[in-house]
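I am opening a notebook on this structure.

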Amino acid sequence: MPVVDEARLEAELFEVGRRLWSDLPAGTRNPFRAADEKAMELASQDAELKAALFRFVDVVPACRSLDDLARHLTGFLGEVEQPPPPIAVAMRMGNSRAGRTALGAAAATGVKHMAHRFIVGESPKAALGTLRDLWKDGVASSVDLLGEATVTQGEAQRYAARCDTALEEIATAARSWPPRPALERDSAGPLPRANLSVKVSALTPLLRPDAPERGKRDAADRLRELLRRARELGAHLHIDMESLDSRDAVLELVLELLAEQEFRAGPSAGMVLQAYLRDSPQTLDTVLEWAAGAGAGRAYPLTVRLVKGAYWDHEVVEAAQHGWSAPVFEVKADSDRNFEQLTCRLMDARPALRVAIASHNLRSIAHAIAYDRLAGGDGTDLELQVLRGLGDPLQHAIAAQGLRVRTYCPVGDLVAGMAYLVRRLLENTSNDSFLAEQAKGRPLEELLAAP
Ligand SMILES: Cc1cc2nc3c(=O)[nH]c(=O)nc-3n(C[C@H](O)[C@H](O)[C@H](O)COP(=O)(O)OP(=O)(O)OC[C@H]3O[C@@H](n4cnc5c(N)ncnc54)[C@H](O)[C@@H]3O)c2cc1C
């Protein structure tokens, strides 16, 4: 296990962070700069307005006309006691029918624009051009088919069929992409070009915390088929992690399936570790035991994507409703520190695991790159991951340094994408968000400071 000197690590981290910062494309250091992002900026400053805008974004897919849309918008905004000037103007427009139509059109355009920033296309086919352009720019991708938490077997079946088609379409298209050695190989061997992220809650309607075995069994059949398909096509299948109530079932399912004899030769596959969970170090213990035991000797080491976790508000509210103590850290710096500790443990576990560090936080990313260097690495065995729409400037800065970066690309229509969109908006208008801090113009030295 490499022993890395803390002071050297901090010095190296600042060096890496400054280089990434200087490689951010011109004009992108304020992530909320563009005109359509003003709503996000206003929302991040005002909790009431934020709540109103979220309720609005949520009803947009159900609105039948521009008039209808504007009525909802002015209705929600009417609840804000002291609206900022642009909002007050919008509300006056809502007083006449002509004004409402114009306001509705503007709101519809605004929401679509915002959605298109996060969602790559309505179907995998429609996304192929973007995936290819990213690849040419030195950025790999993972496609996510929007639409989560199915409630019927029919929906689960349709989601599995969509995943199957997506794997085939992406793998076929990817064969004609030009060579990009940094994205296609690490020291454990080849890395598939085609990469799909899937959600277990979409593969079964039966995933419930009170009967985890039923959900696992139901999802296992569909997941097994997808693993077979990914192996045939030479693609990577990544299983996302959702809220804590399904965490154990998802973890067990993935580790059990990948240990089956038929999957020893492939496909390349991965799971997710959420650093905001207080018990995430124990989860990593479980994964490491698996990698040394039942999962040892697989042709492709398991890829572990480290994230902080996207369901923070949900976990806090859910625990409060039941009178439980929160399973997540409640101080942001604790999540950040745990993320760094898990980063080091994951990197020390190579080559039994492949490591993907997923964050838009310059400190978290610079820390991983610096640790890799001080542990003797040259970046080959480290992957950085970002989300489409949030990590666009960062992905280019990382690629510019010859490091491997993968962008998570959601695909689907606006209705399917609503839950995803609201989660991204919530995350990025929160006071604790790194990107919100960056948008406020905090100096680089403060952004890179230890949590
Ligand atoms: C490629 C990719 C794939 C992803 N896949 C998944 C996935 O499968 N499952 C999943 O859950 N998430 C996933 N995420 C989402 C990820 O969890 C969020 O992007 C991430 O939480 C934002 O963290 P950050 O490091 O970018 O930003 P930061 O601003 O540094 O961190 C924000 C995060 O800190 C945590 N936090 C916020 N407030 C507090 C507080 N008061 N106390 C403690 N912690 C707090 C929350 O997790 C919040 O999201 C993925 C992200 C990427 C980039």
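Where is the place of Asn-195? I found Asn-195 in strand E4, residues 195-198. Helices (H or I, at least four residues) and strands (E, at least two) are DSSP runs, numbered from the N terminus.

Before going on, I note that this is a predicted model, in which local features need pLDDT of at least 70, side-chain atom pairs count only at pLDDT 80 or more, and totals for chains, interfaces and linings use all residues. Residues are numbered from 1 along each chain as its sequence is written, and side-chain values use heavy atoms, with hydrogens and water left out.

**Entry: Asn-195**

Buried means under 20% relative accessible area, exposed over 50%, and partly exposed in between (1.4 Å probe, protein chains only).

Next I looked up its partners. The side chain of Asn-195 makes a polar contact with the side chain of Ser-142, at 2.6 Å. A polar contact is a pair of N or O atoms within 3.5 Å; within protein, one must be able to donate a hydrogen and the other to accept it, and residues adjacent in sequence count only if both atoms are side-chain atoms. Not counting residues up to four places away in sequence, Asn-195 touches Ser-141, Ser-142, Val-143, His-236, His-238 and Arg-406. Contact here means heavy atoms within 4.5 Å.

I took Cys-163 and Arg-162 together. Cys-163 is found in helix H8, and Arg-162 is found in helix H8 too. Cys-163 counts as buried because its relative accessibility is 0%. Arg-162 counts as partly exposed, because its value is 36%.

Which residues does Cys-163 touch, not counting residues up to four places away in sequence? I listed Leu-145, Leu-196, Val-198 and Leu-226. With neighbours up to four places away again not counted, Arg-162 touches Leu-145, Leu-146 and Val-411. The side chain of Arg-162 also reaches the backbone oxygen of Leu-146, at 3.2 Å.

I checked one C-alpha distance for each. Cys-163 and Ile-119 are 44 residues apart in sequence and 17 Å apart in space. Arg-162 and Pro-124 are 38 residues apart in sequence and 9.1 Å apart in space.

**Entry: Ala-220**

Ala-220 is found in helix H11, residues 212-233. Ala-220 counts as buried because its relative accessibility is 9%. Leaving aside neighbours within four places in sequence, I saw Ala-220 in contact with Leu-253 and Leu-257.

**Entry: the cores**

Nonpolar side chains tend to be buried together in soluble globular proteins. I used this meaning: a nonpolar core is a set of buried Ala, Val, Leu, Ile, Met, Phe, Trp, Tyr and Cys residues joined through side-chain atoms within 4.5 Å.

How many residues does the largest nonpolar core have? I read 117, and those with the most contacts inside this core are Leu-196, Val-198, Leu-237 and Leu-302. Helix H8, residues 153-174, gives the most to this core, with nine residues. A second, separate core has 16 residues, including Phe-56, Cys-63, Leu-73 and Leu-103.

**Entry: cis peptide bonds**

Most peptide bonds are trans. I noted a cis bond joining Gly-266 and Pro-267, with omega about 15 degrees. Pro-267 lies in the loop between helix H12 (247-258) and E6. The peptide bond from Arg-350 to Pro-351 is also cis, with omega near 10 degrees. Pro-351 is in the loop between H15 and strand E8 (353-358).

**Entry: the ligand**

How many residues surround the ligand? I read 31, the closest being Lys-308, Gly-309, Ser-335, Ser-359 and Phe-434. A residue is near a molecule if one of its heavy atoms lies within 4 Å of it.

I then looked at single atoms. A ligand oxygen atom is 2.9 Å from a polar backbone atom of Ala-310. A ligand nitrogen atom is 3.2 Å from a backbone N or O atom of Val-331. The protein covers 95% of the 930 Å² of accessible area that the ligand has on its own. Accessible areas come from the Shrake-Rupley method with a 1.4 Å probe; for residues, only the protein chains shown count as cover.
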